[in-house]
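Visitor: I'd like to go through the aromatic residues here and hear the reasoning behind each label. Could you put the model up first?

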Amino acid sequence: MKTLLPLGTVVSIKGVDHRVMVLGYARFKEGDTSHVYDYIGCYFPEGFVGGDKTMIFDHSMIESLYYLGYNNEESAQFITKVADTIEKVENQSAQAAAVTGAQ
């Protein structure tokens with residue numbers, strides 16, 4: 001099962017000089033629905049200053065964990081649902097790509 005970090009978590013990401021705070025989950029790159037990214041984040045400590053200052057990234061791109069965001073039973077259940085949804089979307093995309101490639 002996919003593991004996701006709680007909202008408010010602060011990490012470093014490969015290739016990004018700034019620390020990044022997790023703002024949300026399960027995002028597509030604009031105009032491309034072939035891959036769902038695990039997280040959407042903003043620069044830390046600046047916080048959210050506008051949609052054009054956010055980034056999408058996968059868990060595998062995280063280099064270091066600086067702060068683990070708040071987590072309780074409700075958020076843990078939500079994160080589990082999101083992780084399951086991401087896996088389903090990724091599996092559907094892989095199946096569609098396999099069908100398209102076979103034609």
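Predicted model: local features only at pLDDT ≥ 70, side-chain atom pairs only at ≥ 80, totals over all residues.

Visitor: How many aromatic pairs does a search of the whole structure find?

Guide: Three. One of the ring pairs is Tyr 25 with Tyr 39: their centres are 6.1 Å apart, so they fall within the 6.5 Å limit for a pair.

Visitor: Why is that pair of Tyr 25 and Tyr 39 called tilted?

Guide: Their planes meet at 50°. Stacked needs under 30 degrees and edge-to-face needs over 60, so tilted is what remains.

Visitor: What parts does the pair tie together?

Guide: Tyr 25 is in strand β2 and Tyr 39 in strand β3, so the parts joined are 14 residues apart in sequence. Ring pairs also bring Phe 57 and Phe 78 into a cluster with these two tyrosines.

Visitor: What makes Tyr 25 count as buried?

Guide: Its relative accessibility is 9%, and buried means under 20%, so Tyr 25 qualifies. Tyr 39, at 0%, counts as buried too.

Visitor: Which residues touch the most other members of the largest nonpolar core?

Guide: Leu 4, Val 11, Tyr 25, Tyr 39 and Phe 57, out of 16 residues. Helix α1 gives the most to this core, with four residues.

Visitor: How do you know that the charged end of Arg 19 sits over the ring of Tyr 66?

Guide: That charged end is 3.5 Å from the ring centre, and the distance limit is 6 Å. The call also requires a position within 35 degrees of the ring normal.

Conventions
Residues numbered from 1 in each chain as written. Heavy atoms only, no water. Phe/Tyr/Trp six-rings, centres within 6.5 Å; stacked < 30°, edge-to-face > 60°. Helix = DSSP H or I, 4+ residues; strand = E, 2+ residues; numbered from the N terminus. Buried < 20%, exposed > 50% of the residue type's maximum accessible area, 1.4 Å probe, protein only. Core = buried A, V, L, I, M, F, W, Y, C linked by side-chain atoms within 4.5 Å.
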